[in-house]
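Dear colleague,

Please find below the structure that I am handing over to you, followed by an account of what was found in it.

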Amino acid sequence: MYKRILLPTDGSEASRRAIDAGVEFARESGAELVAMTATTPFRAITADAEMLELTAEQYEASSRQHAQRRLDEVADLARDAGVPYTAVQVVSDDPDEAIIATARERMCDLIIMASHGRRGIKGLLLGSITQKVLVHSAIPVLVHR
């Protein structure tokens with residue numbers, strides 16, 4: 001059925017639940033996983049406190065460490081389940097575009113991702129990465145709630 005599944009993570013609790021489900025789905029279907037996380041590039045002018053307090057090099061190193069921890073969570077679960085996996089860290093201002101591009105580049109035939117469940121005006125104002133992926137991806141997307 002599916003051969004390669006993209007499993008993006010942002011480190012949130014919703015994302016962790018999607019990872020658990022995605023690893024199990026990959027194990028049951030015999031697919032391999034591509035774990036992916038996106039980090040924001042450094043900006044000198046920003047409202048992000050971490051960027052204001054760090055140099056570009058410090059911020060990038062910190063971002064890589066945070067991303068690696070998120071990817072290590074997926075790696076540990078995949079290894080324990082006997083699921084082959086690779087890990088990808090992407091730097092992007094647009095995580096939805098990074099998810100779709102990574103899925104295309106890695107020849108994934110399914111994307112499994114979390115929904116944070118924002119509804120109403122909050123969901124409309126904040127936007128939804130999951131919603132954007134659903135709208136713009138030609139690759140099937142399984143949303144875990």
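S15 lies in helix α1; helices (H or I, at least four residues) and strands (E, at least two) are DSSP runs, numbered from the N terminus. At 3% relative accessibility, S15 counts as buried, a term that means under 20% relative accessible area, with exposed meaning over 50% and partly exposed in between (1.4 Å probe, protein chains only). The side chains of S15 and T9 are joined by a polar contact of 2.9 Å. A polar contact is a pair of N or O atoms within 3.5 Å; within protein, one must be able to donate a hydrogen and the other to accept it, and residues adjacent in sequence count only if both atoms are side-chain atoms. Neighbours within four places in sequence aside, S15 is in contact (heavy atoms within 4.5 Å) with P8, T9, D10 and A114.

Please note that this is a predicted model, in which local features need pLDDT of at least 70 and side-chain atom pairs count only at pLDDT 80 or more, while totals for chains, interfaces and linings use all residues. Residues are numbered from 1 along each chain as its sequence is written, and side-chain values use heavy atoms, with hydrogens and water left out.

The protein as a whole has six helices and five strands, which follow one another along the sequence in the pattern β-α-β-α-α-β-α-β-α-α-β. Of its 145 residues, 37% count as buried. Among the contacts with a separation of 6 or more, 74% are between residues 24 or more positions apart.

Helix α1 covers residues 13–29, and its 17 residues should span 24 Å at 1.5 Å a residue, which agrees with the 24 Å between its end C-alpha atoms. The expected span is 1.5 Å times one less than the number of residues. Buried in α1 are A14, S15, A18, I19, G22, V23 and A26. They cover an arc of only 165° around the axis, which puts them on the same side of α1; the arc is that of the directions from the helix axis to the C-beta atoms. An α-helix has 3.6 residues a turn, so residues three or four places apart point the same way. The buried residues of α1 pack against β1, β2, α3 (56–81), β4 and β5. Just after α1, G30 takes a positive phi of about 75°.

Which strand is largely enclosed by the rest of the structure? It is β4 (residues 110–114), because five of its five residues are buried. L110, I112 and A114 point one way from β4, and I111 and M113 the other way. Strand β1 (residues 4–8) pairs with β4 in the parallel sense over two bridges, where pairing requires that DSSP finds at least two bridges between two strands. In β4, L110 stands opposite I5. On β5 (residues 141–144), four bridges make a parallel join to β4, and V143 is the bridge partner of M113.

V141 is also found in β5. Not counting residues up to four places away in sequence, V141 touches L110, I111, M113, V133 and L134.

Finally, T37 is found in strand β2 (residues 32–39) and is buried, with a relative accessible area of 0%. A polar contact of 2.8 Å links its side chain to that of R70. Beyond four places in sequence, T37 is in contact with T9, A67, R70, L71, V88, Q89 and V90.

With kind regards
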